[in-house]
Amino acid sequence: MQRNQWKAASAQLLKHWSRSGISQVPNTTAESQAKAVSWLESHASFVFEASDPAIHGANVDGLSNSQVTPPITANWVAEPSSQRQTVPIAPQSVTESSLERFAEPNPSVIPSSAPRPTTPIAAMQPGVVGVWNSKSLPILEREVAFDELNAQVVECRKCEEIVCRRQRTVFGVGALNARVVMFGEAPGADEDRLGEPFVGAAGQLLDKILVASGLKRPEVYILNSLKCRPPNNRTPAEAEIENCRPFFEAQLETIQPEYIVCWGAVAVRAVLGSTDSVGRLRGRFHSYRGAKVLVTYHPSYLLRTPDAKKLTWEDMKMLMKDMGLPIPGKS
Ligand code: SF4
């Protein structure tokens with residue numbers, strides 16, 4: 001493997017891990033990448049498979065085979081621990097209980113030791129009931145699958161009225177090993193411009209709700225039922241949701257989250273296939289394949305109807321309880 005290939009592969013690996021939500025890796029700045037690549041070059045055994053003759057038989061930029069020590073153990077310590085830059089895993093410290101918390105971010109994250117869900121499947125309401133169709137993929141294969149899927153989305157022109165007006169497609173963002181998927185409606189003007197879901201005013205409210213709930217945006221996965229903005233932010237048509245269904249279903253199948261939160265009626269229609277109102281469906285878990293589905297109001301609706309925030313907060317507390325996260329105000 002040539003030196004430039006080595007560097008490109010290492011940088012790609014770092015980027016994939018970071019995008020996949022793996023916390024114990026250096027931030028992928030140019031500086032930290034350079035440090036990590038330098039470390040990798042001096043610890044060449046990291047990337048060599050003893051069983052891969054194509055690689056094992058090669059010299060690497062001056063390293064003879066005898067200097068390369070197979071087999072690999074891919075324990076990632078690119079820098080001495082004292083210098084390592086990591087995403088901190090902080091203990092929960094949520095104490096407030098009112099909806100005002102949405103306006104006062106309180107940094108906290110999902111503890112890795114959080115108990116697993118407690119609501120029995122039998123208690124759920126019917127949606128698409130069952131289990132995931134395929135077995136769970138390793139994180140790097142999920143990255144590859146999403147890259148390929150995103151390339152298809154960028155080329156997609158199924159919805160004629162939409163494609164001639166869209167600026168960018170909005171694939172989704174977040175951790176590919178997320179426990180929770182946030183499922184929204186369709187991109188708005190800001191999302192269409194930036195190519196990322198929930199970045200406008202509604203997105204800022206979603207961020208506050210997540211923080212108040214002990215979640216962080218990079219730890220969940222966020223996507224919409226449509227990848228493109230409908231003209232004038234109109235409600236997506238049934239046919240458009242069906243056009244986009246293969247994309248969002250493939251994303252859900254790849255992530256295989258424990259929970260899906262449907263934000264608003266369009267998300268409910270896409271995930272549960274129901275035209276019932278959010279008011280009728282919220283307050284209990286439904287199911288989609290292997291995931292528990294929670295229904296609540298879209299942040300845009302909450303901005304227009306602040307009184308509904310307390311209902312969404314009740315829904316989020318239900319989610320937190322089931323996930324084993326601390327609920328503010330309860331010791
Ligand atoms: S909304 Fe979905 S199906 Fe329609 S053009 Fe965009 S990517 Fe294709």
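Around the ligand sit 14 residues, the closest being Cys-156, Cys-159, Cys-228, Asn-243 and Cys-244; a residue counts as near if its C-beta atom, placed from the backbone, lies within 6 Å. This is a predicted model, where local features need pLDDT of at least 70, side-chain atom pairs count only at pLDDT 80 or more, and totals for chains, interfaces and linings use all residues. Numbering starts from 1 along each chain as its sequence is written.

Helix α8 gives the shell its largest share, three residues, and α5 (160–163) is also among the elements that supply at least two. Helices here are DSSP runs (H or I, at least four residues) and strands are E runs of at least two, numbered from the N terminus.

Helix α8 also packs on α4, at about 175 degrees with the axes 11 Å apart. That makes the two roughly antiparallel, a label for angles over 145 degrees. The touching residues (C-beta atoms, placed from the backbone, within 7 Å) are these:

| Helix | Contact residues |
|---|---|
| α4 (residues 139–155) | Arg-142, Ala-145, Phe-146, Leu-149, Val-153 |
| α8 (residues 238–255) | Phe-247, Ala-250, Gln-251, Thr-254 |

By residue class, this helix contact has six nonpolar, two polar and one charged, while the ligand shell has eight nonpolar, two polar and four charged. Ala, Val, Leu, Ile, Met, Phe, Trp, Tyr, Cys and Pro count as nonpolar, Asp, Glu, Lys and Arg as charged, and the others, Gly among them, as polar.

Then there's a hairpin: β6 and β7, with one residue between them. The strands run antiparallel and are joined by three bridges, where pairing takes at least two DSSP bridges. Tyr-288 has Ala-291 of β7 as its bridge partner.

How values were computed: Axes fitted to C-alpha atoms, helices over the stretch in contact; angles between N-to-C directions. Parallel < 35°, antiparallel > 145°, perpendicular 65-115°, else oblique. Contact = placed C-beta atoms within 7 Å.
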